[in-house]
Every structure is written in C-alpha cells, then in structure tokens.
Amino acid sequence: MKGSIVMARVASGKEVLEQAKALLVNARTIEELNQAQAVVLPLELGLSMEQTATAIGTSIGWA
C-alpha cells in the first residue's frame, strides 16, 4: 500500500451511545462510570451539560 492513505472509520453517535451504555454496566472505576454518564444522560434524557455535570458531581467543563 505504498503511497495510499488509510483513514480510520469515525464512530457514529449511535455507536458512541451504545458503547457508553455498555460502560454504564461494566464500569470498573468511578471515572469510567462518570464518562459513560456524561454521554448517556444528555443523549438519552436530553439533559443540558449543566444538568449532567450536577447529576454526576463534576464540573461543566469535565462533563
């Protein structure tokens, strides 16, 4: 493949949401759980970033 460009496949929103839902169940640390919640809460429940940050106990910038 000399000279060819291989581009990584970009995950769709649906794929990211499904991964986050799986991580909710399988999270081994509080950080993993918070990361999953920061994706799922706004996309599934329509929470704002401020509401999400408050719900998971983090700053808005982190969420």
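**Exercise 1.** Determine whether asparagine 34 is buried or exposed, and identify its contacts.

*Solution.* Step 1: the relative accessibility of asparagine 34 is 13%. Step 2: buried means under 20% relative accessible area, exposed means over 50%, and partly exposed lies in between, with a 1.4 Å probe and protein chains only. Asparagine 34 therefore counts as buried. Step 3: asparagine 34 lies in helix α2. Helices here are DSSP runs of H or I with at least four residues, strands are runs of E with at least two, and both are numbered from the N terminus. Step 4: when neighbours within four places in sequence are left aside, asparagine 34 is in contact with Ile56, Thr58 and Trp62; contact means heavy atoms within 4.5 Å.

The model is predicted, so local features require a pLDDT of at least 70 and side-chain atom pairs a pLDDT of 80 or more, while totals for chains, interfaces and linings use all residues. Residues are numbered from 1 along each chain as its sequence is written, and side-chain values use heavy atoms, without hydrogens and water.

**Exercise 2.** State how many helices and strands the protein chain has, and what share of its residues is buried.

*Solution.* Step 1: the secondary structure comes to three helices and zero strands. Step 2: from the N terminus on, the order of elements is α-α-α. Step 3: of the 63 residues in the protein chain, 19% are buried. Step 4: among contacts between residues at least 6 apart in sequence, 18% join residues at least 24 apart.

**Exercise 3.** Describe how helix α1 packs against helix α2, and which residues make the contact.

*Solution.* Step 1: α1 covers residues 13-26 and α2 covers residues 30-45; they pack at an angle of about 135 degrees, with their axes 8 Å apart. The axes are lines fitted to C-alpha atoms, for helices over the stretch in contact, and angles run from 0 to 180 degrees between N-to-C directions. Step 2: this angle makes α1 oblique to α2, given that angles under 35 degrees count as roughly parallel, over 145 as roughly antiparallel, 65 to 115 as roughly perpendicular and the rest as oblique. Step 3: α1 passes α2 in a left-handed crossing. A crossing is left-handed if the near helix is turned anticlockwise from the far one by less than a right angle, and right-handed if clockwise. Step 4: α1 contributes Val16, Leu17, Ala20, Lys21, Leu23, Leu24 and Asn26, and α2 contributes Glu32, Leu33, Ala36, Gln37, Val39, Val40, Leu43 and Glu44. Step 5: by class, this contact has 10 nonpolar, two polar and three charged residues. Here Ala, Val, Leu, Ile, Met, Phe, Trp, Tyr, Cys and Pro count as nonpolar, Asp, Glu, Lys and Arg as charged, and the others, Gly among them, as polar.

**Exercise 4.** Carry out the corresponding analysis for α2 and α3.

*Solution.* Step 1: the axes of α2 and α3 come within 10 Å and cross at roughly 140 degrees. Step 2: that makes α2 oblique to α3. Step 3: the crossing of α2 and α3 is right-handed. Step 4: Asn34, Gln37, Ala38, Leu41 and Pro42 of α2 meet Met49, Thr52, Ala55 and Ile56 of α3. Step 5: the residues of this contact divide into six nonpolar, three polar and no charged.

**Exercise 5.** Which residues of α3 are buried, and which are exposed on the other side?

*Solution.* Step 1: Thr52, Ala53 and Ile56 are the buried residues of α3. Step 2: seen down the axis of α3, these residues fall within an arc of 100 degrees, so they line one face of the helix; the arc is that of the directions from the helix axis to the C-beta atoms. Step 3: on the other side of α3, Glu50, Thr54 and Ala55 are exposed. Step 4: the cover over the buried residues of α3 includes α2. Step 5: threonine 52, at 0% relative accessibility, counts as buried. Residues up to four places away in sequence not being counted, threonine 52 touches Gln37, Ala38, Leu41, Pro42, Leu47 and Ala63. Step 6: α3 is followed by glycine 57, whose phi is positive, near 75 degrees.
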